[in-house]
Amino acid sequence: MCDKPNVFSRLLGDEPTLAGALPTPAPVDDSAQPLARGSRRRRLWELPSQALCPVIGVCLPMPVLRRRIDKSLGGSTVASDYDLHCGAINECGSRSAVAETLQRELDQRYAIALRQSAQHKSTEALTRWWAAAQLSNDVAGSLWATLTHARCDAGLQEQVLRDIHMLQHQVGAANRADLQRLEALLDENQILGRELAQAQSRSSRLLAERAGQIERLQSEQLRLRGELLGRDTAMAGLREDLQRLEAAVPGLRNRQEQADQIRLQQGRIHELERALLAAQQQVERERRRVEETRQMLDLARAPQPAPESDLALPELSERAVLCVGGRQAVVPIYRQLIERTGGRFLHHDGGEEDAVAKLDASLAAADLVICQTGCISHDAYWRVKDHCKRHGKRCVFVDKPSASSLQRALGHLSEKPTEA
């Protein structure tokens, strides 16, 4: 099918007369040419016609074939790849300028394979080498080296042509699969290209933002460096002023240290004075408590008052009397006096130990209130006064926390309304 005689007569577009001048080679009877048995390798035109098609098609890429034929013919071919391939086979059927050019190209291109095949001196060794070479990446070089080897007999030649024929089919199928994968890869490449462009855009934007941030930070660094330089300059000036002052006033540093120590001692003295004052106040409170307790004991030891004094106390008739304030030592005496009048005794210390917030509940439960103003807090005082005023409860305010004061307060409850 690839045999087309005189095909180069229409391959040259620039100089058709050059191709037409070439002699048409006579057909060669391949069966009449015995295989070489010496040490000389066969040439391209010495190969059988059925071997020329795979050798030229497999061993010579189409751009190389076109370039070599153009150079050999001295023109520029305009034929298709198939016509060029058939013309090259026709020219290599005998020794010609094209055949010699292609022979040199094949020897140069596959010099390594030729040297490797030359190491095998028998047909069996060459057969094993060809079988192993089919699994390598240089099948074209192995094909050229095996077919032109001096020990390639008719059987090996037939086997090589069969193997290369089947390999061409497999390569064609693989090429179609590769084309499909190539199309898929091209689509994926386009997608990845778009994603890469987007990533590059984002990266460029981030780089620009980072560059702006770096520029701002550098400006801030320069500003802070200037401030630090100014501060260092001011500190250096202050140190010089301090040195001048120390030189002008000898012992200034010692005086400053002494002044600091004096201030510390004064602070310590003030703390001790406050502690002493608190201790004195505590002693005074304890003394007053002892004095009040003594008075209460004296009152308890005194003879009972005349019956007419008892008549001076009001009859409370189970009414609740709240006593706000008073010392804990006299609370039992307060309870005794109020219960003697028939009332119920309630007590709140006015915020010394009991919470002031509990005073509102005690005031709500009381019918009468006696407030000892000298023993309660300001908050408790105003709570009592405000509650009695709002609810109209009778309240008597007592200055001194004593049993006699409580008796007078009970007498006032029967004589006059609650004080505002």
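**Helix α8 and its surroundings**

Guide: This is a predicted model. Start with helix α6 (residues 111-118) and helix α8 (residues 139-147): their axes come within 8 Å and cross at roughly 50 degrees. The two helices, α6 and α8, are therefore oblique to each other. The crossing of α6 past α8 is right-handed.

Now the residues. From α6 come A113, L114 and S117. They meet G141, S142, W144 and A145 of α8. Sorted by class, this contact of α6 with α8 holds four nonpolar residues, three polar ones and no charged ones.

Next, the packing of α8 with α2. Helix α2 (residues 49-59) packs with α8 at an angle of about 145 degrees. The axes of α2 and α8 are 9 Å apart. The crossing of α2 and α8 is left-handed, whereas α6 passes α8 in a right-handed crossing.

On the α2 side, the contact residues are A51, P54, V55, V58 and C59. On the α8 side, they are A140, L143, W144 and L147. The contact of α2 with α8 has nine nonpolar residues, no polar ones and no charged ones. The contact of α6 with α8, by class, does include three polar residues.

T123 lies in α7, which spans residues 123-133. Is T123 buried or exposed? T123 counts as buried, because its relative accessibility is 16% and the limit for buried is under 20%. Leaving out residues up to four places away in sequence, T123 touches R151, D153 and L156.

Move on to the sheet. It is open, has four strands in the order β2-β1-β3-β4, and its pairing is parallel. The edges belong to β2 and β4 (394-398). Each of these edge strands has a single partner strand, so one side of each is left without a neighbour in the sheet. From one strand to the next, the twist averages 20 degrees. Helix α12 (residues 331-340) packs on this sheet and touches β1, β2 and β3 (368-372). The direction of α12 makes about 150 degrees with that of β2.

In β1, A320, L322 and V324 lie on one side. V321 and C323 lie on the other. Both faces of β1 are covered.

β1 runs parallel to strand β2 (residues 344-348), and five bridges join them.

Finally, the chain as a whole. It has 15 helices and four strands. Of its 420 residues, 31% are buried. Take the contacts between residues at least 6 apart in sequence: 70% of them join residues at least 24 apart.

Key: Residues are numbered from 1 along each chain as its sequence is written. This is a predicted model: local features need pLDDT of at least 70, side-chain atom pairs count only at pLDDT 80 or more; totals for chains, interfaces and linings use all residues. Side-chain values use heavy atoms; hydrogens and water are left out. Axes are lines fitted to C-alpha atoms, for helices over the stretch in contact, and angles run from 0 to 180 degrees between N-to-C directions. Angles under 35 degrees count as roughly parallel, over 145 as roughly antiparallel, 65 to 115 as roughly perpendicular and the rest as oblique. A crossing is left-handed if the near helix is turned anticlockwise from the far one by less than a right angle, and right-handed if clockwise. Contact means heavy atoms within 4.5 Å. Ala, Val, Leu, Ile, Met, Phe, Trp, Tyr, Cys and Pro count as nonpolar, Asp, Glu, Lys and Arg as charged, and the others, Gly among them, as polar. Buried means under 20% relative accessible area, exposed over 50%, partly exposed in between (1.4 Å probe, protein chains only). Two strands pair if DSSP finds at least two bridges between them.
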